[in-house]
Amino acid sequence: MRPPQQTPAKRPQPVVVIGGGVGGLTCAIRLRAAGHPVTVVERNDVVGGKLALYERDGFSFDIGPSLVTLPHVFDEVFRVAGTSLEEQVDMVRLDPQFRYSWRDGTTLDVADDPDETAAAFDAFSPGAGDQWKQFDGNGRVIWDVSERTFFAGPMSGPVSLFKRMESAKDLLHIDARRTLRRAARDTFEDNRLRQWASRYATYSGSSPDKAPATLSCIPHIESRFGCWYPMGGLSALRDAFEKVALDVGVEIRTSTEVVAITRSPNRVTGAELADGSYIDAPIVVANADARHLYSDLLPDDAALKAVRKAPRSTSGFVLCIGARGTTPGIHHHNVWFSGDSLQEFREIDARQLASDPTIYGCVSSTTDPSQAPEGDENWFLLVNTPPGIEVDADEYRDLVLDRLAEHGVDLRRRMRFCAAMTPADMEHNYRAPGGAIYGTSSNGKMAAFLRPRNRGTIDGLYLVGGSSHPGGGLPLVTTSARIVAEMIDDDTA
Ligand SMILES: Cc1cc2nc3c(=O)[nH]c(=O)nc-3n(C[C@H](O)[C@H](O)[C@H](O)COP(=O)(O)OP(=O)(O)OC[C@H]3O[C@@H](n4cnc5c(N)ncnc54)[C@H](O)[C@@H]3O)c2cc1C
């Protein structure tokens, strides 16, 4: 684990952070802990961005992230602020981690223990235990190399990555030449397990047919560091970040929109707010999506052109269902696979809705009774969609619920209510172009190098969050916050 960095700033400088998403909040905590006066400006009336909560009739739903991985990344932020994740949030390590179900009626539970998981794979498909171990071992190597190279600092092209590599072997180790689907095929004989391995592309909003096999480090991350849940819901983590930010002295202004970044002419001078007022600051950290940044806040055609080259992540269609009664055999995290994964991603890659989507279901009330009235369940369903697609919410809801019923889970007569969220809602709620869940995806061999850089196009401007390096997902945006805080440390030394 990296030691918490809390080098006091030699020249503390006022900082404005545009956006109170997790990347913005965690960057603000680090910068304030180092001595910079920091103001976070968030247009919504709550912070957290995509880490959002929906409450209705006694039910609570995490309508953004529902799974926490790599908790030590968050602990490091709390430690920089003189506290710890353990002190702030009651984190539960889930076991089993997931239940997977296929159309043929078979199921597989993945445990929080490598030996148990290997045994479960073997029982599911003879010989698959060793194949899982091989896949997991490869994921370990990829993670260990990526952590000290890709995630270690800013990225300004392949050279930045090569410079951090110890030898050419590292390049081979990250397994970037084949796709995740190819790695799944090369490892597993059973098609169902190939589908299982391929699903991890969606953790970065990508397609298994386009994303590199480097992403096979994600199931390894789950098997090694666990799948976690903060009691009270993911919003407990958001609330802890907000509280600790306030404790260290960050000023947070919600319901406040930045309309422009001011400049003079080669460096930033602050931010203009929607009410016509200004915040002066020689450092601006944009947690807003890079497309919004370079098209609206600091218009820059060349930068925008470069940003558009970075592939967008998928969006999603979400259903929040307050369900009467309980479901036998249901777990906290559940996945019901489509009948044909190749066809599913062919459709999504062709910017269509999947006709037979894989359905992810989180029923956190199985772990945390506070999330639903006694005897009922809070069902959060998520299916992947292309970004920017128009969705007829009623029609697609019926399709998703029908598919789930075909899997043997019929929620249609148990619903107290069913609220839908489309890509357009995500775009509107989080100002995320196309409703892209993770900002940028990992589609293509060059995707890692096409993400907008953390260093902005003029002096004093920095980018943090899912649309910039190293990409989306809670641990990654928190890593981008560390990278940006370290850059600002260096620049103000
Ligand atoms: C449905 C869904 C499921 C997900 N599942 C998981 C999961 O299980 N695990 C996981 O790790 N990750 C998951 N993610 C991804 C994760 O939520 C995101 O990667 C992460 O929260 C993004 O953080 P961010 O720092 O990029 O900021 P964002 O959350 O994008 O926040 C940016 C903020 O900036 C604000 N803003 C924008 N423009 C302005 C402006 N001009 N002025 C003021 N404020 C502005 C926005 O209102 C927003 O609050 C999921 C996301 C979604 C939507």
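Which residues come nearest to the ligand? Select Gly-19, Gly-21, Gly-23, Gly-49 and Gly-465: of the 39 residues around the ligand, these come nearest. A residue counts as near if its C-beta atom, placed from the backbone, lies within 6 Å of the molecule.

A word on the model before you go on. It is predicted: local features need pLDDT of at least 70, side-chain atom pairs count only at pLDDT 80 or more, and totals for chains, interfaces and linings use all residues. Residues are numbered from 1 along each chain as its sequence is written.

**Stop 1: the shell around the ligand**

Color the shell by class. You get 17 nonpolar, 17 polar and five charged residues. Here Ala, Val, Leu, Ile, Met, Phe, Trp, Tyr, Cys and Pro are nonpolar, Asp, Glu, Lys and Arg are charged, and the others, Gly among them, are polar. Now select α1, β14 (315-323), α16 (423-430) and α18, the elements that give two or more residues to this shell. α1 gives the most, with three residues. Helices (H or I, at least four residues) and strands (E, at least two) are DSSP runs, numbered from the N terminus.

**Stop 2: helix α18**

Select residues 474-491. The expected span of a helix is 1.5 Å times one less than its number of residues. For the 18 residues of α18 that gives 26 Å, and the end C-alpha atoms are 26 Å apart, which agrees. Among the buried residues here are Leu-474, Val-477, Ala-481 and Ile-488. Buried means that 20 or more other C-beta atoms lie within 10 Å of the residue's own, with C-beta atoms placed from the backbone. Contact means C-beta atoms, placed from the backbone, within 7 Å.

**Stop 3: helix α10**

Go to residues 217-225. Seven of the nine residues are buried, so α10 is largely enclosed by the rest of the structure. Cys-217, Pro-219 and Glu-222 are among the buried ones. Show α4 (114-124), α5 (128-148) and α9 (191-198), which are included in what covers them. Then step to Gly-226, which follows α10 and has a positive phi, near 90°.

**Last stop: the whole chain**

Zoom out. The chain holds 18 helices and 19 strands. Its C-alpha atoms fill a box of roughly 65 × 55 × 45 Å, taken along the principal axes. Buried residues make up 53% of the 493 residues.

Conventions. A residue is buried if 20 or more other C-beta atoms lie within 10 Å of its own, exposed if 12 or fewer, and partly exposed in between; C-beta atoms are placed from the backbone. Two residues are in contact if their C-beta atoms, placed from the backbone, lie within 7 Å.
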